[in-house]
Each structure stands twice: as C-alpha cells, then as structure tokens.
Amino acid sequence: MARFIFVGIEGVLVHEISRRTAILLNEDVRAFKPSIDALDRIVSYTGGTLIVTSRWRAMGLGMMQDRFRTWGSKSTVADVTPQDIDKDVAVRHFLRCAKEW
C-alpha cells in the first residue's frame, strides 16, 4: 500500500520572510533548510511519496521537482494534486485515484 505525504509549501517549507525577501530582491524563493531536512527525514523514515498540495502545484510537476532539488531536498516530488479544485477536495480526489499507485 502506497504512503503519501501531502506537503504544503507556504508557511511549511517557505516562510513568509523568505518569500517577501525574494520578491524585494527579485530572487528565487528559498526554502527554510531545517524544514527541508525534517521533511527528508520523514520521507526516509516512512517510505512515503511526496505530493504537493499548495498553490505552488500550479507550477506543474517538473517545476516542483526542480524546485525541491534546488532547495537541496533528497526527496522527490512524485506528483501534484489537481489545480482546478479546492486543496482539500484535491487531496480526496487524489486518494480516490491512488489505486493506480
């Protein structure tokens, strides 16, 4: 049975101060390294699969995978939830379709 770890980004991996600083300096947003390290430990311990549920999912799977690598994550983003519906509904929809995993 697959184990999914649904992860948000805003306020979880990227803190508001990082986001605001990046906007002011016209730079890429940086994740909070201790949060990335903690997420990597959770993924390693549970054998879970990362699924992005935040607004960032609109960037698409490839961009999210690249972003996590840039942030130094050892974990791989396997998928993103559907973008055209509310996040909570998207998670439920994803779990219903998860039989393919």
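Rings of Phe, Tyr and Trp (its six-membered ring) count as a pair if their centres lie within 6.5 Å. In this predicted model, the structure holds 5 aromatic pairs.

Q: Why is the aromatic pair of Phe4 and Phe6 called tilted?
A: The centres of Phe4 and Phe6 are 6.2 Å apart, with 45° between the planes. Planes under 30 degrees apart count as stacked and those over 60 as edge-to-face, so an angle of 45° falls to the rest, called tilted.

Q: What makes the aromatic pair of Phe6 and Phe94 edge-to-face?
A: The angle between the planes of Phe6 and Phe94 is 90°, at 5.7 Å centre to centre. An angle over 60 degrees counts as edge-to-face, and therefore this pair receives that name.

Q: Which parts of the chain does the pair of Phe6 and Phe94 link?
A: Phe6 belongs to strand E1 (residues 4–7) and Phe94 to helix H4 (residues 87–97), so the pair, 88 residues apart, links distant parts of the chain. Ring pairs join Phe4, Phe6 and Phe94 into a cluster.

Q: Why does Phe94 count as buried, and why does Phe6 count as partly exposed?
A: Phe94 has 7% relative accessibility, and buried means under 20%, so Phe94 is buried. Phe6 has 27%, which lies between 20% and 50%, and therefore Phe6 is partly exposed.

Q: How do you know whether Ser35 is buried or exposed?
A: Ser35, in helix H2 (residues 33–46), has 17% relative accessibility; this is under 20%, so Ser35 counts as buried. Leaving aside neighbours within four places in sequence, Ser35 is in contact with Val12, Leu13 and His15.

Notes:
Residues are numbered from 1 along each chain as its sequence is written. This is a predicted model: local features need pLDDT of at least 70, side-chain atom pairs count only at pLDDT 80 or more; totals for chains, interfaces and linings use all residues. Side-chain values use heavy atoms; hydrogens and water are left out. Helices (H or I, at least four residues) and strands (E, at least two) are DSSP runs, numbered from the N terminus. Buried means under 20% relative accessible area, exposed over 50%, partly exposed in between (1.4 Å probe, protein chains only). Contact means heavy atoms within 4.5 Å.
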